[in-house]
Amino acid sequence: MTNTFPDISLNTERLVLRPLEDEDIPAFTEMMNDEQVAAWTSVPQPFTEAAARRWIDEYAPAERTSGRGLDLVVTEFLTQRLVGIIQLTHTNWHVRSTELSYITAPWARGEGYASEAALATAQWLFNDQKFERIELRTAADNTASQQVAQKIGCISEGVLRGACIARTRTEDGRWEDLRTDFIVWGLLPEDIEGIAEQLADTGGFTAYSDWN
């Protein structure tokens, strides 16, 4: 069994998940400079095009080839527009587990793209890569991200107290660190059985307005 993720693309009804390319730099940079991305992630601010190029040309390939994780940009199938990113990190090949996270671009929120991309990634991990566990961590106040976790079948497993550093704007416009809790979610192969059918019965992926 290999200990690295393949260089792959995944398709859903509306989306394509593929490796990042240099052509993604402008849209990727704009997405990472969004206020909500800055608030709920550790992405350096301001996020420059040079930082985006390093991510695409150095960080993402190194994560994959080392076996630590995988970065896939999410684009619309019809327009090819960048609408988000899926990340796998902290991969343990012996346990067959990995941590999944997602960001949706501000111009694509409210379409259910995060849950659609996350579910497709989970199905691929369980069915093709024979993984046994996926973990998600959401900041305690990031209700949109928690809705995505719930929607794809994740089970809340507990709270890591004071383990998350979010950011908030001060009155003078600076970013200030804000310590909060992480909610830990687990997803096992049996948890996603029937999820796609349930989503179809309840209005599909757009039932929640998700972003990150």
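Begin by selecting helices α1 and α3, where α1 passes α3 in a right-handed crossing (a crossing is right-handed if the near helix is turned clockwise from the far one by less than a right angle, and left-handed if anticlockwise). This is a predicted model, in which local features need pLDDT of at least 70 and side-chain atom pairs count only at pLDDT 80 or more, while totals for chains, interfaces and linings use all residues. Residues are numbered from 1 along each chain as its sequence is written, and side-chain values use heavy atoms, with hydrogens and water left out.

Keep α1 (residues 25-32) and α3 (residues 49-66) on display: their axes come within 9 Å and cross at roughly 110 degrees, the axes being lines fitted to C-alpha atoms over the stretch in contact, with angles running from 0 to 180 degrees between N-to-C directions. The two helices are therefore roughly perpendicular to each other, a term for angles of 65 to 115 degrees. Next, show the side chains of Ile-25, Pro-26, Phe-28, Thr-29 and Met-32 on α1 together with Glu-49, Ala-52, Arg-53, Trp-55 and Ile-56 on α3, which make the contact (heavy atoms within 4.5 Å). By class, this contact has seven nonpolar, one polar and two charged residues.

Most residues other than glycine have a negative phi, and most peptide bonds are trans.

Two further loops deserve a stop. In the one between β3 (70-76) and β4 (82-92) you will find Gln-80, which has a positive phi of about 70 degrees although it is not a glycine. In the loop between α4 (113-127) and β6 (133-139), select Lys-130, another residue other than glycine with a positive phi, here near 60 degrees.

Finally, zoom out to the chain, which has six helices and eight strands, where helices are DSSP runs of H or I of at least four residues and strands are runs of E of at least two, numbered from the N terminus. Its C-alpha atoms fill a box of roughly 50 × 35 × 35 Å, taken along the principal axes. To finish, select residues 15-190, which the unreviewed UniProt entry annotates as "domain: N-acetyltransferase"; over this range the chain is 32% helix and 37% strand, and the end C-alpha atoms are 24 Å apart.

Notes
Parallel < 35°, antiparallel > 145°, perpendicular 65-115°, else oblique. Nonpolar A, V, L, I, M, F, W, Y, C, P; charged D, E, K, R; others polar. UniProt positions renumbered as here; feature names shortened; annotations may be inferred.
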